[in-house]
Amino acid sequence: MNLLFCCVGAKPEPWVAGLRAELPEANVQDWTPGALPADYGVVWAPPQQFLDEQPQLKALFNIGAGVDALLKLRLPPAASVVRLDDAGMSVQMAEYVSHAVIRHFREFDGYEADIRSGKWSYRKPLMRANFPVGIMGLGVLGERVARTLTQFDFPVKGWSRSPKTIEGVQCFSGEAGMADFLAASRVLVCLLPLTPETTNIMNRETLSKLQPGAYVINVARGAHLVDEDLIALIDGGHIAGATLDVFRNEPLSTDHAFWKHPKINITPHTSARTLREETIAQIAGKIRAVEGGTPITSLAGVVDPNRGY
Ligand code: NDP
Ligand code: OXD
């Protein structure tokens, strides 16, 4: 069985070595133009040339959870797209979002500024009941984040396409449930996939429906958020601030207003990183299952291209 690795931005050597160690029966190569036809691709943002040269591929294993960039390409006709299914990401996302929520709720930025200016002062504790956290997207990552936040006794709300039941989380669903979900949330966390339906979903109209003093955390994709609308609502006072890990263009351009805005914290798309060992083990396990007769379409993480995630 032939396997090609084609991940833009990843150093190929350790990946290829890891895949060879996990799948000794496979011929694993780093892709170069003109490579021999392969059965499987392990990919991240591959060039179109790779896909066009490999029309026989049976599956593309994406080494991330989001497949928005991959689905924009012309894919081999019979290839299933298989996204990363957690592989150590959900715990990182739960850490990142909990940190952002708690940093805001406990006013740690304010305390840090006070301490740096030599001031020993107390702030009146805020009421946790007044900080309902709404998670948009209750999939692999969103559900873990929602469950984690319930452990800190925040009221937690969730919104997804199909109805869900998660202990301790008030769940809303579909377009019909969105307005009530937003009105019930003060902190908004975006963990949606980027699809035509979710592009620009955080805009002036939707963000205005959040409770006054809202806080926005975007850890999904930059194109979920209309940047100017967020800034206008922060400057107008309806939104207290934001933590943003993802941007329309990455790296964020050096002149973007987010860099210096005093109420916006940014990080460089690092909230949940792909962990090489876990990822290789997961993909190798799936390839072994397929080679052993499991239909690709029954693997966890198979993407529905019509849904876009
Ligand atoms: P999943 O596919 O497991 O979950 C997606 C969730 O979004 C599901 O609950 C789904 O609803 C919901 N959803 C999709 N479309 C809509 C819609 N139109 N309206 C309402 N809800 C919708 O994805 P993951 O949790 O694994 O990942 C989410 C995203 O996080 C990824 O697509 C990626 O872009 C981003 N990400 C960011 C990282 C970072 O480092 N910043 C790292 C990893 C991922 P339903 O359950 O009903 O299908
Ligand atoms: C992903 C990401 O989608 O890293 O996995 O953003």
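This is a predicted model: local features need pLDDT of at least 70, side-chain atom pairs count only at pLDDT 80 or more; totals for chains, interfaces and linings use all residues.
Ala272 uses its backbone instead: one of its backbone N or O atoms lies 3.2 Å from an oxygen atom of ligand 1. On its own, ligand 1 has 940 Å² of accessible area, and the protein covers 92% of that.

## Ligand 1: the surrounding shell

A total of 31 residues surround ligand 1. The closest are Arg83, Leu141, Ser162, Lys164 and Tyr309. Sorted by class, the shell around ligand 1 holds 15 nonpolar, nine polar and seven charged residues.

Three secondary-structure elements each supply at least two residues of this shell: helix H4 (89-105), helix H6 (140-150) and strand E7 (156-160). The largest contribution to the shell is from H6, which gives three residues. In terms of domains, ligand 1 lies between domain 1 (2-87 + 274-298) and domain 2 (90-266), because both give residues to the shell around it.

## Ligand 2

The residues around ligand 2 are Trp44, Gly64, Ala65, Gly66, Met89, Arg221 and His269. By class, this shell consists of three nonpolar, three polar and one charged residues.

Backbone and side-chain atoms both approach the oxygen atoms of ligand 2. A polar backbone atom of Ala65 is 2.6 Å from an oxygen atom of ligand 2, and a backbone N or O atom of Gly66 is 2.7 Å from an oxygen atom of ligand 2. From the side chain of Arg221, an N or O atom lies 2.8 Å from an oxygen atom of ligand 2. Of the 210 Å² of accessible area that ligand 2 has on its own, the protein covers 85%.

## The second largest pocket

Rolling a probe the size of a water molecule over the atoms shows where empty space is left. The second largest pocket holds about 550 Å³ of space. Its lining comprises 25 residues, and those nearest the pocket centre are Val246, Phe247, Arg248, Glu250 and His269. His269 is also listed among the residues around ligand 2.

Which domains does the second largest pocket lie between? Domain 1 (2-87 + 274-298) and domain 2 (90-266) both give residues to the lining, so the pocket lies between these two.

## Backbone geometry

Most residues other than glycine have a negative phi, and most peptide bonds are trans. Two places in the model depart from this pattern.

One is the peptide bond from Glu250 to Pro251, which is cis, with omega near -5°. Pro251 is located in the loop between strand E11 (239-244) and strand E12 (264-266). Glu250 is also one of the residues nearest the centre of the second largest pocket.

The other is Glu107, a residue other than glycine whose phi is positive, near 60°. Glu107 sits in the loop between H4 and helix H5 (108-116). H4 also supplies at least two residues of the shell around ligand 1.

Key: Residues are numbered from 1 along each chain as its sequence is written. Chains are lettered from A and ligands numbered from 1 in the order in which they are written. Side-chain values use heavy atoms; hydrogens and water are left out. A residue is near a molecule or strand if one of its heavy atoms lies within 4 Å of it. A polar contact is a pair of N or O atoms within 3.5 Å; within protein, one must be able to donate a hydrogen and the other to accept it, and residues adjacent in sequence count only if both atoms are side-chain atoms. Accessible areas come from the Shrake-Rupley method with a 1.4 Å probe; for residues, only the protein chains shown count as cover. Helices (H or I, at least four residues) and strands (E, at least two) are DSSP runs, numbered from the N terminus. Ala, Val, Leu, Ile, Met, Phe, Trp, Tyr, Cys and Pro count as nonpolar, Asp, Glu, Lys and Arg as charged, and the others, Gly among them, as polar. Domain bounds come from an automatic or database domain assignment. On a 1 Å grid over the protein atoms alone, a cavity is a set of points where a 1.4 Å probe fits but cannot get out, and a pocket is an open set with protein on both sides within 12 Å along at least five of seven lines; lining residues have an atom within 4 Å of a point. Grid points are joined across faces, edges and corners, and a volume is the space filled by probe spheres set on the points.
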